[in-house]
Every structure is written in structure tokens, then in C-alpha cells.
Amino acid sequence: MAGKTVSRRQFLKHAGATAALLGLSEVMIPQIAQALEELASGKPPVIWIQGQNCTGCSISLLNSNYPMVAELVLNDLSIRYHPNVMAAAGYTATDVLDESIKDLKGKYVLVVEGPVPTKEDGEFCTFGLQKGKTKDLMGNKVPADKTIHEWMKELVPPAAAVIAGGNCASFGGIPLANAGVTGATPVSKIVAEIDSEKPVVNIGGCPAHPDWITGTVLEALLFLKGKGKLNLNSHKMSRTFFGQLIHENCERRASFDAGLFLEDWNQDDPDMKLCMFKMGCKGPVTYADCPVRRWNSKVNWCVGASAPCHGCASPDFYKTLSPLYEPLPNVNFPGITPAVDTLGWVAAGATAVGVGAHYLYKQLGHKGEETGEGGEK
Amino acid sequence: MAIVSIDPVTRIEGHLRIDVEVENGVVKDAWSSGTMFRGIEMLLKGKHPWDCQQVTERICGVCPLIHGTASSYALDDAMDVELPDNARIIRNLCLGGNYIQSHILHFYHLQALDYIDVTAVLNYSGVNPGLLALRSKIAGLAKANDLYFFLPRYESADYVGTPGGPGDANLATELVGHYVQALEMRKKAQEMISIFYGRMPSFVGTIPGGVTTKPTLMNIAAFQSRLTELRQWIDSIYVQDVLTVAEVPDYEPFFKAGDSGGNYLAYGGFDLDQKGTEKFLPRGTIFDNNVMDVKGMEEKEITESVQYSWYTPECEGLNPKYGKTDPDLEKKDAYSFLKAPRYQGKPMEVGPMARMLVKKPDLLVKLAQDKGLLTPPVKFGILPRTAARAIECKLVADAMADWLTQLDPSKPIWDPKGKEIPNESYGRGLVEGPRGALGHWIHINNEKTDNYQAVVPTTWNASPRDKEGNRGPVETSLIGLPVPDVDNPVNVVRCVRSFDPCLACAIHIIHPEHNGVKEFRVV
């Protein structure tokens, strides 16, 4: 919001939207309004850079529904640098980064989309030019490339906080699945090497849901203003969005409990809402609020399209969750497997499946580490 | 003589560097370099073939739909399925939806800031309440020194709305208003896709053998209401805005300037029958700007040169199906992670310009006649490339309305043969994405993915020089462009952006030392 031209009333209205976004109760609105008011009197700048990304999370952010994209750009965030939308290019663009490093110490939030490659001196991902260093281009001396790893070394220390935007920035995702090639490294690890005290928040999702991005950035901003606390799970993901199992809130949960599974897409009656478990659904091991938040202005979500959840919000995506269309491993615990084999299993309920999820996590190669469930600290 | 280096080239997808040699205010030589590498195909080796569609659509977040679609066709081919009509139509509808979102995004959010002075909004003198609100919003941001989305930029006297420049502040404000509307419109196109495909980007609705969502009266209606709104907006706003920009006298030279050399290639896209013999966007090639002489397209004529790419000489001159990808970051004279695909040894432009020149719809023919593009020297430069995209957007959106009526809720959506993985098989999917010709190839062995290859549009367009020294289409297009001020090379980025480059797509190749696969064979 522009300067101090916005009324208290507008802040309250906006705070209502923010509370809805974060899934908070209306009781919170006055506090949020106050925090937003303080933010607006000096909107903290956001710098968004891209590593080994696919731009999917940026495109997803452009699908933001509430706040609408235009509001996001014009009202909510002061985005100083974003390679896909900013007017500037070349030095004109990277000068903004250099100025921010110099003039905005401790003031900006750094969002990184995509992991950071470390092999071959980081040459697998470069942007911008090295001032004063040259390379040869077919006999011509031209400025040398600058790696994202070098940018991180310069941009992380002055940042107030770093946000890893999306599964591959947070956990390596698809590029990490062959990290042997480029040394794709999660953002949190790179940040820890540069400044172990710097706060880092991870956002899951391949891509991240626009609400997860704006909500996490807002939570981080409120936290930095001393107006809220960061409620993170052991993977540094906000519990606001990644606190509950998809399976617990799935609209097709009743079919799972009743043993009604989709086995042929032609058999699928849209009114039946058959369970996708046998087609490889990873909902029982993935913590995210997709079933209630839904995607693309709430139009649909993966299971709503009669497709299995691929677990893209899970730190295990993609490698550990493959094969994506095969049922989860056949392990003996109360819950999932008996339900598939002996149709009609109902009794165990949500708790047992929760236990099962933790058990499965260990089966999938985690040693003792679990994603936190909602409420637990 | 001065070398002007531009990195990052922003408002595109991915990591692109452009170097141009400028002499007497004109570009004499140009280099296009892709500067990011992940290695996507390698991780598919040994994986279940069904994973390929989900992994390869993550090659790119701007074009996931076309990769997922190409992969589905490649897998269909490998499993030898008979694709039900409903599945073919839903795939066309969702792909069409992505053309709409991608083309709108490109014109307004990636390209328009090269032509419009956003600060002109401050001088808006009209009475439109929406635009007045926009004026006060921009004024507030300017006062708070928070216009980082729009400033700084390359300065130029020929932005629409710049004092002394073409157009006036009211026209510029109207266009900026459409920029804001377009944010919502492209979002609506994404919503439309998610009706059948679950979500965007990274959708889940295609599978080998078909699609996952049955057409129903409800979802057809939901799709149709959004499509109707989008078609009205495309006709009345998008196409008109492109024509408005094209009529700015200062931009007259851009009709012929920025021509890529006159060779065009289209695989063809949007199958209109089960075998794909008839396509809404036809297949063909054009050479040396002989646009009236459309020739055929033979896959075997495609080779990839790596003379100036960071790969060893053993990778030189092979058909992509037999291709080798062996990186060498120390290679002398190499300057890009992109290979240089060539057709009969020639660089080829792919994308909407190529497709529209092969199809020749009335709208394009009329524009070409009005602007004298067919009088020698025949050239299609920066603005025709942009116009072709808008014309294509309209044609596809209009056709989608017909396709939607062909869905039959009582008919199947999936051939269960898609679930039967053969012990060994080869598959191929050739499609047209918003940015151009795309091919996926899969080799299945022991019921697992043995090798996977994708050859993508931006690799054609933004490729470096080949063994013969032929520049890639983007490089060629830059030569001769006026750069009066080397600190503000606005014409260079105008030209590069007219190709709608997508670098994440272009560089996804594999590292053979680690995956051990150096060859790809297709029977």
C-alpha cells in the first residue's frame, strides 16, 4: 500500500484476507492489521533469484487468487528483483542486487527458486556478469559469468531471512535426483555454510501453491517484525500449510475406508469419488493442505482430477516416492495395506493412518526423522 | 567496435546470456548462451515408464503441459494404445488452454514493457475509473520509491507514452490496464486447464493411454464459461493491442528487422483424428523465406552440432535419436549448454511464426499484404513474430469451442493397454508447444525406462553456431539491429524476447559419465 495513504479500515479489510489466507481465526485480524500497517509504512523488500529452477513456482505465484496477483505486486510485497517480470535486464537488473547488498543490510527477504549447483565451481548455473573478470568468447574478451553460488555468498549475509521457494529449492527435488551430475544443493544447506544463524524457511510443493508462497513470506515478515512466531516442522516448513496429512482431509477418504478403489479410469464415476490408493496415491505420507486449499482458485486438485497425489510437497519427492503410480510399499501395520486387501476396513481411523505414515517414512529411508504433525512442537 | 553483454536476459524463462558486437550503432555479430544445466533425462533411467510424464513436465514450469503431452504421446506409442477420442480432445483442449495462458503471458508480462512507458500512467487524463485508480496506485508507489517492477529499465525515446515518443499517456495507461487484466486472464486459462488436469502448473490429468477426468456436463460447462470469456478478451483486447503496437510508426522497421534467416520448421500439432494424420496446425518446413513453398518434414534430416557447445567432439553431427551428450566445460570456443539442432544442416526457427507461415490463416496473410512483407526482400521480423502469436492464440481458442462440443460423456477416456508395459519398446511423441516444435523419445527395456530424450523449441531458436559456422536463429535475427546507445540495448532484448525463449526446456540434457548411456536408437 502506498505510503501512509491507506486508511485503518482498509488495513482491517486486508487483514481479514490475510487471516483467511493463513487459515487463522478472525480473532487474529486486529493483530494482523497492526502488523500490516507497520509493514506498509516501510514494506520490506523481497529479492527473488533463480537457481536450477524451472520457473514453475513463479508461474504458480502468478496464479495467486487471494490476494490477487495485481494486489500482490502493487500492494503487498515490494519485489525488487524477479527475473521473469522485472523491466530491467543485464547490468540494469543486477545493479539492483548490488545496491540492495550495500544499502539494505538486514532488511530484505531473499527468496530462492531452485537448488544451487556446487560441482565444477558452480558453473552449472550462472546469471549476471563479473565486473572486472573476463573470459574468451571466440577471440573476444567479454565479462565472465557469475554463478548463483557466488551470488548467494553476497546476498545471504545482508538478508533478514531466506525462503526456499518450492520443493527443489527446499529439498533438491528433481535436480537433486541426479545430484551426482551438478551437485544440486538445497538452499538451507548453502545458507548454513554461509551464515549458520540466518533464518531459513522451506516451502514444499512442486510447484509450491501460491498461498504457501505468499503466506510463508507474510509469516516470515510478521516474525521479523516481532509480530508472530514461526511454527515450523522439523523440515523447516510452516505448519500452517504443511501440518496435516493429505489423507486425513481427502474428499475421497470415505472410499478408502469403504475399500472402494479406482482401478480403471473408464470405471470412474465422478460422483463415486473412488480412492486413488491403488493407483499410487502418496496422500497417506504427504503433509499438505491441498484437499482443503485446492488449486487454481480452488477449481480442482490432483485427487479431484481422479489422479493420485504424487507427494510433491513431501521432502521425499521425487526419488524416494518413485514409482509414482504404484501403491505405497506393502508393509504390515494397522491401516493401509489390510484396507486394500480386505475391503471394508474402517475401524482404525485417522490415528492409525497417522501412525502408518510415520512408519512408512521410516520404510522410505528416514532414520528417526518425521515430519511434524499439526500442533506438535 | 564494442561487445555488449546482456546477462541476465530477463522476462523470459530461464538463464540466457546474449553478447552482441556493435559497430557504428549497428549489431555486427551475436552470441546466444544458455547458462544453466540440470540433467533431467538421466534420472529416468531404470524408472517405471509411467514416471516419465510426471518428471518431464517438470523440465519447465512455463511449458509443463506440452512436455507432459509429448511424453504421454511417446508412452502411448511405446504401449501401442488406441487413444480414445475423448482423451485426444481433452488433451487438445488443455494444450490449447496452455497456448492461451502462455501467449497472453508473453505479450503482456514478458514483452509489453519493451514498448510501453509505465510511468506515463502518472499523466493519464482520461475518466475511466479503473484507470484512475491505477494512476493513483502507481503514483503512490512512485512516491514511496517502490516502482521496482517497472524501473530501472533500458531507456529509449520510443516507448509508447514517453514524453516526445509515440502514442500518448492515455494510450499507454490503457495498455498498462490491460497488463493488469491479463494477469487475471492467464490465470483463468490455468483454472480452465485444471478442470480436466487437476492443477497448473505441474498437472496430473494425462496418463499413458488417455486422460484421468471423464467429461461430464458439469465440467464441460465450467470449461466453456471460462473459454467464452477468454475468447472475448482475446478478440477485443489481446489481438487489438498487438495491432495497436504494430501501428506505432516508430516500430515500422521491426516488421522486417529481426528476421531469423528465413528457415522455418513445424512438426504440426493438435491431432484431429486418432492417428494424427490431420492436424489443426499443419506440419511443414520453409526455406529461405519462400513462404509459398511449404515442404515436408522428415525426422531423419535433423542433426545436432556441438562445435560451440560444452560437449566433446564425439557428440557432433548426430540425429538426436542417436545423440551423445558428453559435457566438456573446458572446451575451447564453446559458449553454450545448448546444442545446435539443424534440419538438412540449416538453422530453423520454430514457434508461432513458423506454424502460421505453414498454415497461412487469413489474418496473417492480410497483415503480410498490408505491411508489404511479401515484397522483396521477404522477411518476417520482430513484430510479425509477435502478431503470429496473437493470431494463433485466437485461432486455437476459437477451435477449442468446437472441440468442446465433440466430447461424449458416455464414451471411454482411457485405453487400459496403457497399463501394460512391454518388455522392450520404443516410443515417440512429436508435438507443437506454445514455443514451437517439441519431440520426446523413450526406449523401454525390461519394463523400465532405458533412455529418454527430449528435443525442445528453444534449443532450435537460441542455439549457438554449428560446425559450418551458421549462427542460430536468435543470433542471426540480432544482426543489423540498431543499437544507438550501447548502455541501453533495448532493441536487442526486444528481438530476443520476440522468440519467447525458454531456457529450462532447452537445457535438460544428460551426463553420460554418470548414466552410462551414450547412444539412443530408434527402430
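The term pLDDT denotes the predictor's confidence in each residue, on a scale from 0 to 100. This is a predicted model, in which local features need pLDDT of at least 70 and side-chain atom pairs count only at pLDDT 80 or more, while totals for chains, interfaces and linings use all residues. Residues are numbered from 1 along each chain as its sequence is written, and chains are lettered from A and ligands numbered from 1 in the order in which they are written.

**Stop 1: confidence**

Colour chain B by pLDDT. Its average is 91, and 95% of the residues score at least 70. Next, select residues 508–523 of chain B, where the pLDDT is below 50. Beyond near neighbours in sequence, this stretch has 47 contacts in the model; two residues are in contact if their C-beta atoms, placed from the backbone, lie within 7 Å. Where pLDDT is low, the predicted coordinates should not be read in detail. For the complex, the predictor gives an ipTM of 0.92 and a pTM of 0.90.

**Stop 2: the contact between the chains**

Display both chains. The contact takes 80 residues from chain A and 81 residues from chain B. On the side of chain B that touches chain A, at least two residues each are supplied by strand E1 (2–6), helix H1 (51–56), helix H4 (129–143) and helix H5 (169–197) of chain B. Helices (H or I, at least four residues) and strands (E, at least two) are DSSP runs, numbered from the N terminus. Select H5(B), from which the largest share of this side comes, 10 residues. By class, the side of chain B that touches chain A has 41 nonpolar, 22 polar and 18 charged residues. Here Ala, Val, Leu, Ile, Met, Phe, Trp, Tyr, Cys and Pro count as nonpolar, Asp, Glu, Lys and Arg as charged, and the others, Gly among them, as polar.

Now select B:Gln54 in helix H1 of chain B. Leaving aside its neighbours within four places in sequence, B:Gln54 is in contact with A:His310 and A:Leu324. B:Gln54 counts as buried because 26 C-beta neighbours lie inside 10 Å; a residue is buried if 20 or more other C-beta atoms lie within 10 Å of its own, exposed if 12 or fewer, and partly exposed in between, with C-beta atoms placed from the backbone. A distance label drawn from B:Gln54 to B:Cys94, C-alpha to C-alpha, spans 16 Å, and the two are 40 residues apart in sequence.

**Stop 3: chain A and its sheet**

Chain A has 17 helices and 9 strands, and of its 377 residues 56% count as buried. Among contacts in chain A with a separation of 6 or more, 69% are between residues 24 or more positions apart.

Select the open sheet of 5 strands, whose order is E2-E1-E3-E7-E9 (chain A), with parallel pairing. Two strands pair if DSSP finds at least two bridges between them. The edge strands, each pairing on one side only, are strand E2 (78–81) and strand E9 (200–203) of chain A. Within the sheet, strand E3 (residues 109–113) and strand E7 (residues 161–165) of chain A pair in the parallel sense over 4 bridges. A:Val112 stands opposite A:Ala164 in E7(A).

**Stop 4: the two domains of chain A**

Colour domain 1 (43–242) and domain 2 (246–363) of chain A separately; these domain bounds come from an automatic or database domain assignment. In chain A, 15 residues of domain 1 are in contact with 14 residues of domain 2. Helix H7 (167–171), helix H8 (173–176) and helix H12 (239–242) of chain A each supply at least two residues of the side of domain 1 that touches domain 2. That side of domain 1 has 6 nonpolar, 8 polar and 1 charged residues.

**Stop 5: backbone geometry**

Most residues other than glycine have a negative phi, and most peptide bonds are trans. Select A:Ser322 and A:Pro323, joined by a cis peptide bond with omega about 0°. A:Pro323 lies in the loop between helix H15 (290–293) and helix H16 (336–341) of chain A. A:Asn296 is also found in the loop between H15 and H16 of chain A. Phi of A:Asn296 is near 50°, a positive value in a residue other than glycine. A:Asn296 is buried, with 27 other C-beta atoms within 10 Å.

In chain B, a cis peptide bond joins B:Leu151 and B:Pro152, with omega about -5°. B:Pro152 is placed in the loop between H4 and H5 of chain B. Finally, select B:Asn289, in the loop between strand E9 (284–286) and strand E10 (302–305) of chain B. Although B:Asn289 is not a glycine, its phi is positive, at about 60°. B:Asn289 is buried, with 21 other C-beta atoms within 10 Å.
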